[in-house]
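Colleague: Could you walk me through reading a helix pair, a core and a chain contact? I would like the general idea each time, then the case at hand.

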Amino acid sequence: MAITQRRMIYKHVDEEGYSNDIECYIKNGGYEILKKAVQAKPEDLRQEVLDSGLRGRGGAGFPTGMKWKFLDFKSGKPIYLVCNADESEPGTYKDRQLIYQDPHQLIEGMMISAFAIGAKQAFIYIRGEFINGARILEKAIEEARAKNFLGDDILGSGYSCDLVVHRGGGAYICGEETGLIESLEGKRGYPRIKPPYFPAALGLYMCPTIVNNVETLCWVRHIIELGGKKFAEIGVKGDSGTHIIGVSGLVQKPGYFEIEAGAHTLGEILYDGCGGPLPGRKFKAVIPGGLSMKILKWGERWKGKHPNSGEDYDWGVEDIPLDSVSMGLCGTALSTGGAMIMDDSTDMLEAMANINAFYAHESCGQCTPCREGSLWMHKLSKRMTDGKAREEDVPLLLDIADQIAGRTICAHGEAAAWPVQSAVPKFKDEYLDKIKKQANGERYNAAGFPLI
Amino acid sequence: MADSETNLVTINIDGNEHSVPNGMNLVDACESVGVEIPHYCYHPKLSVAGNCRMCLVEMGMPMRDRATGEPVLDDDGVQKIGWMPKPAIACASKTMPGLHLKTKSDLTKECREGVMEFLLVNHPLDCPICDQAGECRLQEFATDYGRGFSRYVEEKNVKPKRTKLGPRVTLDDERCILCSRCVRFCDEIDENPVLGFTERGSYNTLTCFPGTQLDSNYSLNTVDLCPVGALTSTDFRFKMRVWFLKPTPSICTESSAGVNTEVWSREGVIYRITPRRNDLVNDTWMADTGRALYHQVEAENRMKSFRVDGNRASIGEATQRVRELMSVGPVAYVGSGQMSVEEQWMLRKLAEVEPGAVHFVYHQGEGDDRLISKDKTPNLRGGLLTGLLKTLPETHLHALRDQLEKGEVKTIVCFGEDLVKAGIGPDLLKKANIIYLGSHRNDTTDIARVLIPTLTVFERSGSFVNQQFRLQKFAQCVPGPAGLLPTTALLARIISEIKGDAYTAPSNPMLWREMGLAIEQFAGVEFAKIPATGLELDSSAFAQLPFVEEKGWHYEPAAEPAGAESSAH
């Protein structure tokens, strides 16, 4: 069975002859929605977004309309819109395609959003490593400014909003919205405590601020085009729209697919879309939505009654439909849709050591559990891969993760802890087996034969 | 605070109802009712950072139905508590009606154990050689809330051990728990943002920004703030174990701000001075210069023996000579703002027994609009209240100089003030007999006929009245050199010598009973009952006087400050 893609956000991505300049975008119907939007009432636009049920595409999946609703309109302070283009979650590469190939879609989405929330100044905080992306966006902004799609008195509506690109310094934590705000203010990217610093009330420069992901802001354009209620019909209940599933890792043909939420299962994407495992391999585990999500293991099964359909389900990893609700039932999340696949040649201890090293390196060091815990897990798992581990290190590793999750300032604590909290119980036998073999001086490989 | 104190709310801590001010920080509120919430980064005078995570507790609010707003009741008809799914930091929360806390639950306990373990994994566990041992929050909370053992077998991080952050502060980065109190102090209180972190994660290192150093006159407050042994005072570092030290409440004599201090001593030797919290005077801060004042106790030029005409004498010989010289001719007194209220009262009594012109010295200098005022003496107001002064004294001694030139003064009784430095030349001074009561030698003591050594502020007790007309007590910290008496006793002895009656050493409570009867503003004041944070006196009689002090952290001048005259001395 072939994968049925429904390309909305990615409509022109990889399209033959489509370029990222404004003429091409306008030729394909670009900025038409903005023209209509600036004639509408901002509160009506916000209602459309609320009706659409759109969930933020940055990973946490918080309903965008709700986020906008929390915005403090009464403070009298300026309102800011910030686009979070700091796409640094390992395994995720959906926003990058949008920025490089279709920047005007983002700009149009941002201008509609800025109009809807009444922002006079908008920012794109782009990942430091996306140097070309920043150049493309800057060029696109100048093109749009020349045509009066942003800047003063947009399209004669009397509404003005400027847009600025800011390049980050290359820290993962600056993708966290309050860390991003601090960084945008020119400070060290330390996430803020919530309460009291909820961006909707006390965000950038202590003013009400909305921080949305690139894809989310692009979606606003489509929601206004279709209408919120119509949009909500796409996908499944509780997760409307499409998802971009970006598969990487040990499959034959890694790549991305834009599918309607819930339209395909993970297995269909992996086998039909990506051509299945490499020759002679079997799938072993998948991290479904960006590195910080909980890992799923082949052989696990989830049973229960699905809240949407009311039907009983009995799923293995391959049977999980790709929507946030179903993923949630399996104890993980679809999040950014960046799935990482591991097969039976993967040494889980090595993989986890790699993950732990990443989070130890990226912890900002502000709050104690994440700062000390992530480095401890890194040092411990490094010792495991060095063959110097003890059996009691396995429960210890899990216990360290348990001491981090839920006790930190920002979600980096969970991000660092969840992979360990899920992988250690699920692969405990492999952990213990390897430690035991290493203690005896034997070589260890999960699949029983050496890696390539 | 006044309005919130009347606005009490009931919160529930571990099942017990407590009445606390509404909107108060939870850490403070719990402390006020005797429940300790351990914390490192939170400080009542700084912004909330919420980074140490030690104050995690379980919080909940009485449940209400979302749709109707009706309370949700359990089977017993009691309103259910909606507990938050995750523990929350107490320091970022304020008291509100009906708030429920669990500070002893398993989850809270486990959170504290977890944070303690994390804080210690990269902290050197060498308390026996750490300067902070004995007053270290890490030690205290590890004992109270930690597991008592470590599961950490990896190598610890290595960081710089002795960074000189400034002229007075040395940093041991390995001990730093990155609570950021010092950073916030420099930003928010000192308004001199020089401190920051470099690196990332557990490798975070506290340091100064390039080209700056921690050289503000308030830099040592960062040492007080530091909950661990990371920031240390270069002066005090490795001099003494803190558990040997005895803290004595005292008052800083640096200026008329009257900063409340604690003087730490052992076996008669002072090792350091730290600020004592008084939210109405100095919060929890003090200037670095004030902390160095204890060096005067052991100074080279300290006077330790009575002298008459250059020869060592007994106290009896000295007082006898004082009587003889005072009967030679007209007497002038030079009082000082360094004298305590009690001493000024005794001087007034002496001036009544042996009448003479009373001059008064107080030093004007640069203020910093914070905790150092322009009046460099701690007790000018005392001189006014005791009646020693009728009005603000001149900032110079021209009147005394004129009297000397005209030969109208034969004897000067001087209290610790250097007359030569005050502008009266030695040749002119030699025209009179100088009786000098003071603690240190100077140009005037070389000329004096009688030298009576006195005790420093650390060696006697008494009270000062600061710029706010706040009466504040200081206690004796160290005994002082053998054979020396408090100035009040010396003055009593001189008075009885002159009068020819029996001498009794006056005590401060006794003097206060006298003063309470004689002075309106002191009516009802008992020395023993002056509160630790001072007693505000009625200053209405002096409201129109042009005091020199300008606005400070806790001071608003009542009248227009006297123009910025050039320093008189």
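Modeller: Here we go through these features one by one. This is a predicted model, where local features need pLDDT of at least 70, side-chain atom pairs count only at pLDDT 80 or more, and totals for chains, interfaces and linings use all residues. Residues are numbered from 1 along each chain as its sequence is written, with chains lettered from A and ligands numbered from 1 in the order in which they are written.

Colleague: At what angle do the axes of H9 and H14 of chain B cross?

Modeller: Helices are DSSP runs of H or I, at least four residues, numbered from the N terminus. Axes are lines fitted to C-alpha atoms over the stretch in contact, with angles from 0 to 180 degrees between N-to-C directions. Here H9(B) (341-353) and H14(B) (487-499) come within 9 Å and cross at roughly 15°. The two are therefore roughly parallel, a term for angles under 35 degrees.

Colleague: And which residues of the core touch the most other members?

Modeller: A nonpolar core joins buried Ala, Val, Leu, Ile, Met, Phe, Trp, Tyr and Cys residues through C-beta atoms within 7 Å; buried means 20 or more other C-beta atoms within 10 Å, C-beta atoms being placed from the backbone. Among the 276 residues of the largest such core, A:Val82 and A:Met111 touch the most other members. Helix H6 (103-117) of chain A gives the largest share, nine residues.

Colleague: How many residues does each chain bring to the contact?

Modeller: Contact means C-beta atoms within 7 Å. Chain A brings 27 residues and chain B 25. On the side of chain A, H15(A) gives the largest share, 11 residues.

Terms used. Parallel < 35°, antiparallel > 145°, perpendicular 65-115°, else oblique. Buried ≥ 20, exposed ≤ 12 C-beta atoms within 10 Å, placed from the backbone. Contact = placed C-beta atoms within 7 Å.
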